[in-house]
Amino acid sequence: MAFNYTSKVQKKMVDQSMLLCCKFFISEGRNIATLDAVERAARSNPETVIVNKFHGRTYNRARYSLVSYVLHDCTGNVIYSPLHETVVAMAEAAFNAINLELHDGSHPRFGVVDDIVFHPLARASLDDAAWLAKAVAADIGNRFNVPVFLYAAAHPTGKQLDTIRRELGYYRPNYMGNQWAGWTISDILPQTPDKGPMVVSRSKGISTIGARSWVALYNIPILSADVSAARRIARKVSARGGGLPMVQTLGVVCEDSTEIACMLLEPNWIGADRVQNLVEKLAAQEGLDVEKGYFTDFSPEMIVEKYMNLISSKKSSP
């Protein structure tokens with residue numbers, strides 16, 4: 001619920017650049033009408049800005065990057081962000097339009113609204129992002145009867161997303177050896193979710209929602225359709241497989257080839273160049289060629305700049 005603050009107070013807080021970014025992932029990358037419906041929900045609040053979006057047909061997955069401000073009370077506690085209402089509206093649009101039982105794709109997923117993560121930008125704090133993650137999780141769990149697992153700064157003990165996914169079988173394909181189709185695990189969850197029911201709706205699945213410092217998403221195309229080779233390379237690159245620290249990877253099918261999807265958890269420490277070089281080295285050992293990788297989102301600095309420009313253009317519009 002929005003608070004009845006004056007525009008002068010709101011402007012002061014926005015000018016202080018207390019901003020949050022939300023990355024909102026859904027299990028749909030093919031149906032344009034569905035993607036349009038989710039985007040309309042995102043644009044329904046003029047104080048929230050879509051700064052980037054990314055979707056893939058083979059993955060059958062989409063991601064929206066949204067930014068808005070966060071307001072604090074006189075003691076410094078966060079009390080409101082337009083992102084709250086916007087993200088819940090996007091979730092409602094996605095649940096209304098997508099049936100997970102009819103979904104298939106080359107990227108693993110748990111639910112229609114598969115993952116939501118909040119990042120602090122500029123002078124906002126990780127506590128601000130965690131507050132919003134928990135508020136959104138409560139709404140999605142209660143309003144839509146969807147089990148929600150919290151992670152990172154939103155979780156009481158800081159449990160990581162990768163751990164939750166492994167415990168629940170996220171990375172195990174259930175179709176054609178390299179695809180995911182329909183609901184993939186038990187209707188009764190083996191673990192108690194942080195929000196929402198224990199019983200899963202097969203049409204909606206479950207959601208993970210977290211808050212963490214900035215994570216860079218970097219994909220490297222492998223010029224081969226051999227997904228087993230891509231997975232071997234991905235494992236050797238990842239921290240879990242003894243590769244680069246603070247790097248998580250996934251080898252997946254992409255169109256007529258494969259690629260290594262990478263999460264760089266500390267991109268200022270272990271950056272894309274180091275990941276690219278290691279992938280090229282390992283691919284050469286497999287006799288495979290590699291293309292230059294690409295980021296699926298902008299840097300935090302670019303996102304803040306785009307947000308400020310878009311907000312300024314909205315204010316100057318008649």
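Trainee: What should I know about the chain's pLDDT before reading details?

Mentor: Where pLDDT is low, the predicted coordinates should not be read in detail. The chain averages a pLDDT (the predictor's confidence in each residue, from 0 to 100) of 92, and 94% of the residues score at least 70, whereas over residues 1-13 the value stays under 50. In this predicted model, local features need pLDDT of at least 70, side-chain atom pairs count only at pLDDT 80 or more, and totals for chains, interfaces and linings use all residues. Residues are numbered from 1 along each chain as its sequence is written, and side-chain values use heavy atoms, with hydrogens and water left out.

Trainee: How do helix α2 and helix α3 cross, and at what angle?

Mentor: Two packed helices are described by the angle between their axes and the distance between the axes. Here the axes (lines fitted to C-alpha atoms over the stretch in contact, with angles from 0 to 180 degrees between N-to-C directions) of α2 (residues 32-43) and α3 (residues 82-97) come within 8 Å and cross at roughly 160°. That makes α2 roughly antiparallel to α3 (over 145 degrees; 65 to 115 is roughly perpendicular, under 35 roughly parallel, and the rest oblique). The contact (heavy atoms within 4.5 Å) includes Ala37 and Val38 of α2 and Met90 and Ala93 of α3.

Trainee: At what angle do α6 and α7 pack?

Mentor: Helix α6 (residues 227-237) and helix α7 (residues 272-285) pack at about 135°, with their axes 10 Å apart. That makes α6 oblique to α7. Among the residues making the contact are Ile233 and Lys236 of α6 and Leu278 and Leu282 of α7.

Key
Helices (H or I, at least four residues) and strands (E, at least two) are DSSP runs, numbered from the N terminus.
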